[in-house]
Amino acid sequence: RAAILDAARGVFAEHGYEAASVREIIRRTDLASGTFYNYFPDKDAIFVALIAETAEEARRRVRAARRSARTASEFVEGGYRAFFEFIVEEPERFAFMRRNLETMSNRFGETVLPAGTEELAEDLRTAIEAGHLPPVDVDYCAHAMVAVALELGARLVERSPPDVEGATRFAKTLFLGALAASVR
């Protein structure tokens, strides 16, 4: 399974979702062609598995950064920095995401995005209860923060070199301003 996932990540990074094929994925492994179907029924399934694997690790890192925060600034900056660093730190994952970000969001976003939004909403409630964030509409805030992460992430991967600092600074300024305005 791991060999198939690794090969698929490379194929999707090189060719993009639309042009990738199960045949090309298997060709990059030492496995028999039927082995693919022991683990995945089709190209969509392996693509979703790669997205889920990527999203799970991103959520783990972002959540750790948010949970260690003791201020609104640390909460916002830490979460965004963890996400943006994750996107660019591994060249193959970065290439996979760069090539397929639009497909991930448009075609498969509802498959994996809700878990991250729900975790963020939970972390926002916890931070508000602890006094680290002002009271806000948690549903609106969580969805807006995820949308900004995805959009800035998409812009980030298009830049050469990727500007993690600039994207983090922009998101932090945007949301700290919104949080400050919500107190008024």
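Helices α6 and α7 each supply at least two residues of the lining of the largest pocket. Helices here are DSSP runs of H or I with at least four residues, numbered from the N terminus. This is a predicted model, in which local features need pLDDT of at least 70 and side-chain atom pairs count only at pLDDT 80 or more, while totals for chains, interfaces and linings use all residues. Residues are numbered from 1 along each chain as its sequence is written, and side-chain values use heavy atoms, with hydrogens and water left out.

**The pocket**

Let's stay with that pocket for a moment. Its volume is about 240 Å³, and of its 14 lining residues, the closest to the centre are Leu 101, Glu 102, Ala 154, Arg 155 and Glu 158. A pocket, on a 1 Å grid over the protein atoms alone, is an open set of points where a 1.4 Å probe fits, with protein on both sides within 12 Å along at least five of seven lines; lining residues have an atom within 4 Å of a point. Helix α6 gives the largest share of the lining, eight residues.

**Met 97 in α6**

Helix α6 covers residues 91-129 and includes Met 97. With 7% relative accessibility, Met 97 counts as buried; buried means under 20% relative accessible area, exposed over 50%, and partly exposed in between, with a 1.4 Å probe and protein chains only. Beyond its neighbours within four places in sequence, Met 97 is in contact with Thr 54, Ile 87 and Met 104, where contact means heavy atoms within 4.5 Å.

**Salt bridges**

The model has 20 salt bridges, each a side-chain nitrogen of Lys or Arg within 4 Å of a carboxyl oxygen of Asp or Glu. Here are three of them, with their N to O distances:

| Pair | Distance |
|---|---|
| Glu 89 and Arg 61 | 2.4 Å |
| Asp 123 and Arg 66 | 2.8 Å |
| Arg 67 and Asp 123 | 3.4 Å |

Arg 67 lies in helix α4 and Asp 123 in helix α6, so their pair ties together parts that are 56 residues apart in sequence. Asp 123 is buried, at 4% relative accessibility, and Arg 66 is buried too, at 10%. Arg 67, in turn, is partly exposed, with a relative accessible area of 48%. Elsewhere, salt bridges that share partners join Glu 57, Arg 60, Arg 61, Glu 89 and Arg 93 into one network.

Methods:
Points joined across faces, edges and corners; volume = space filled by probe spheres on them.
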